[in-house]
Amino acid sequence: MHGVPDVNEKTDHPPHTVRPVEAVLFDFHGTLAQVEDPVSWVLAAAATCGTTLDRGKATILADRLLTAGRAGGPLPHRVPPHLAEDWADRDLYAHAHRAAYTGLAATVHTDVAGLADALYDRLLVPEGWLPYPDTEPTLRRLHAGGVKVGVVSNIGFDIRPLFAAWGLDGLVDAYALSYEVGRTKPDPAIFLRACGMLGADPERTLMVGDSPADAGAVAAGCAALVLPAAEPGRTNGLGATLALAGFAD
């Protein structure tokens, strides 16, 4: 009968097979770790300046600083003209990253001398961050399974010491940091650089992040998984990475 294929008929097309994942790239902030809560951030920074703030004052100050713009927080309500250049270059140069965020913090009046620099310095120490609860088990499972792991981040400072302090450095094979690579997500070049560092085929690489910029990995030939960022201390669904990488429960 015309138009009805013979189920026994052989075709020249091989059956579709899923290519195994050989590497997983992770965003840093909002995916593997989250900055400490704003009030704790302000209290700790003030303490390093020799000032003890009461929680009420710290809460008000934290709200104003978040509006001004916090690294790892929401985008600033407004970037003053004198900071525009540093803001534009913040993820490409370490000096611009620091200048942009200390400059934004300095727009908020406080009675604490040196607070703007102290707030920025909290970014550089492990105490200023909280890895998500599912970060270590996810990275450890991938590592044990022979899947290479890279971290791809738009950032203006070295995050390797943070991973070392958390005992996670042995679970990450490469870091593609925008200020070192000279490219920022969603530019496909930064994802391709990460794949090159790992010796991984982009078509067998999965990028996991929390923003549309992370989905830019698709243009580099990678698959992408975008998860919503969670509050500090809460799981954020990283376990889905293992299923996509072919790990059974």
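What percentage of the 249 residues in the chain is made up of buried residues? In this predicted model, in which local features need pLDDT of at least 70, side-chain atom pairs count only at pLDDT 80 or more, and totals for chains, interfaces and linings use all residues, buried residues account for 43% of the 249 residues. Residues are numbered from 1 along each chain as its sequence is written, and side-chain values use heavy atoms, with hydrogens and water left out. A residue is called buried under 20% relative accessible area, exposed over 50%, and partly exposed in between, with a 1.4 Å probe and protein chains only.

The chain contains 10 helices and seven strands. Helices (H or I, at least four residues) and strands (E, at least two) are DSSP runs, numbered from the N terminus. Along the principal axes, the C-alpha atoms fill a box of roughly 85 × 40 × 35 Å. Contact means heavy atoms within 4.5 Å. Of the contacts between residues at least 6 apart in sequence, 67% join residues at least 24 apart. The accessible surface of the chain is about 12600 Å², and 55% of this surface belongs to carbon and sulfur atoms. These areas come from the Shrake-Rupley method with a 1.4 Å probe; for residues, only the protein chains shown count as cover.

The chain carries 19 positive and 30 negative side chains. Lys and Arg are counted as positive and Asp and Glu as negative, while His and the chain ends are not counted. With each charge placed at NZ of Lys, CZ of Arg, CG of Asp or CD of Glu, the centres of the two sets lie 2 Å apart.

Rolling a probe the size of a water molecule over the atoms shows where empty space is left. The structure holds one cavity of 30 Å³ or more. A cavity is a set of points, on a 1 Å grid over the protein atoms alone, where a 1.4 Å probe fits but cannot get out; lining residues have an atom within 4 Å of a point. Grid points are joined across faces, edges and corners, and a volume is the space filled by probe spheres set on the points. The volume of the largest cavity is about 130 Å³. This cavity is lined by 17 residues, of which Trp 41, Arg 70, Ala 71, Leu 119 and Tyr 120 are the closest to its centre. Two or more lining residues come from each of the elements α2, α4 (94-106) and α5 (115-121).

Arg 122 is located in the loop between α5 and β3 (129-131). Arg 122 counts as buried because its relative accessible area is 17%. Not counting residues up to four places away in sequence, Arg 122 touches Glu 36, Trp 41, Ala 44, Ala 45, Glu 127, Gly 128 and Trp 129. Thr 51 occupies the loop between α1 (38-48) and α2 (55-68). With a relative accessibility of 25%, Thr 51 is partly exposed. Residues up to four places away again left out, Thr 51 touches Ala 46 and Val 112.

Thr 138 belongs to helix α6 (residues 135-144). Its relative accessible area is 3%, so Thr 138 is buried. Beyond its neighbours within four places in sequence, Thr 138 is in contact with Phe 26, Leu 238, Gly 239, Thr 241 and Leu 242.

Most residues other than glycine have a negative phi, and most peptide bonds are trans. The bond from Lys 185 to Pro 186 is cis, with omega near 15°. Pro 186 lies in the loop between α8 (178-181) and α9. Pro 202 is placed in the loop between α9 (188-198) and β6 (205-209). Its contacts, neighbours within four places in sequence aside, are Leu 192, Cys 195, Ala 220, Gly 221 and Cys 222. Pro 202 and Cys 222 are 20 residues apart in sequence and 4.9 Å apart from C-alpha to C-alpha.

Asp 214 is situated in the loop between β6 and β7. Asp 214 is buried, because its relative accessible area is 1%. Neighbours within four places in sequence aside, Asp 214 is in contact with Asp 27, Lys 185, Phe 191, Met 207 and Gly 209. Ala 215 is also found in the loop between β6 and β7 (223-226). Ala 215 has a relative accessible area of 29% and is therefore partly exposed.

Methods
1 Å grid on protein atoms, 1.4 Å probe; cavity = no way out; pocket = protein on both sides within 12 Å on 5 of 7 lines; lining within 4 Å.
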